[in-house]
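Please keep the structure open while you go through the points.

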Amino acid sequence: MTRDPAFVRNGDTIQQAAKLMADLNVGALPVCENGHLEGMITDRDISIRCVAAGKGPDSKVGDAMSEGAHWCREDDSVEDACDTMCREQIRRMPVVDGDKKLVGMVSMGDIATKTADDATSGKMVSEVSTPSEPNR
């Protein structure tokens with residue numbers, strides 16, 4: 001995992017979030033208050049919930065973020081993190097400590113290049129990348 005990841009706050013503007021994403025070349029950032037994970041904001045959240053809705057760059061992160069982000073604990077096994085990422089089809093996941101404070105981010109790339117065998121890596125890429133069935 002990447003320790004001490006960048007994050008934004010609820011009260012930050014979407015422009016600040018988008019600039020940080022551009023500077024870091026990432027498409028998602030954790031949203032934290034007082035170090036505690038509250039959600040995630042993605043470039044897609046900004047596009048759909050703000051730009052498409054006609055909201056300006058001063059709109060707040062809290063208005064665009066996805067609440068209830070999926071996360072894992074720093075002492076979870078790689079297999080558990082991989083299972084959650086596959087089940088929820090997410091490429092990056094926040095890592096929290098016992099107090100639900102953000103301590104890192106784990107990505108498919110972290111798992112594929114540093115800890116997993118080829119079969120696990122292949123399964124993960126396949127399951128995370130396969131489109132889910134549309135809601136009916």
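1. **The model.** This is a predicted model: local features need pLDDT of at least 70, side-chain atom pairs count only at pLDDT 80 or more, and totals for chains, interfaces and linings use all residues. Residues are numbered from 1 along each chain as its sequence is written, and side-chain values use heavy atoms, with hydrogens and water left out.

2. Helices (H or I, at least four residues) and strands (E, at least two) are DSSP runs, numbered from the N terminus. Two strands pair if DSSP finds at least two bridges between them. Strand 2 (residues 28-33) pairs with strand 3 in the antiparallel sense, over 6 bridges. Together strand 2 and strand 3 make a hairpin, with 2 residues between them. In the turn, N34 has a positive phi of about 55°.

3. **Strand 3 and its other partner.** Strand 3 also runs antiparallel to strand 4, joined by 2 bridges. Follow M40 here. M40 in strand 3 stands opposite P30, and the bridge partner of M40 in strand 4 is S66.

4. Four strands form an open sheet in the order 1-7-6-5, with mixed pairing. Strand 1 (2-3) and strand 5 (72-73) stand at the edges; each has a single partner strand, so one side of each is left without a neighbour in the sheet. Strand 5 runs parallel to strand 6, with 2 bridges between them. C72 has V95 of strand 6 as its bridge partner.

5. **D110.** Is D110 buried or exposed? D110 is buried, with a relative accessible area of 11%; buried means under 20%, exposed over 50% and partly exposed in between (1.4 Å probe, protein chains only). D110 belongs to helix 5 (residues 108-115). A polar atom of the D110 side chain lies 2.9 Å from the backbone nitrogen of S107.

6. **The largest pocket.** A pocket is an open set of points on a 1 Å grid over the protein atoms alone, where a 1.4 Å probe fits, with protein on both sides within 12 Å along at least five of seven lines; lining residues have an atom within 4 Å of a point. The largest pocket holds about 410 Å³ of space. It is lined by 15 residues, and T42, Q89, I90, R91 and R92 lie nearest its centre. Strand 3 (36-42), strand 4 (66-67) and strand 6 (92-96) each give two or more residues to this lining. Strand 3 gives the most, with 3 residues.

Technical notes. Grid points are joined across faces, edges and corners, and a volume is the space filled by probe spheres set on the points. A polar contact is a pair of N or O atoms within 3.5 Å; within protein, one must be able to donate a hydrogen and the other to accept it, and residues adjacent in sequence count only if both atoms are side-chain atoms.
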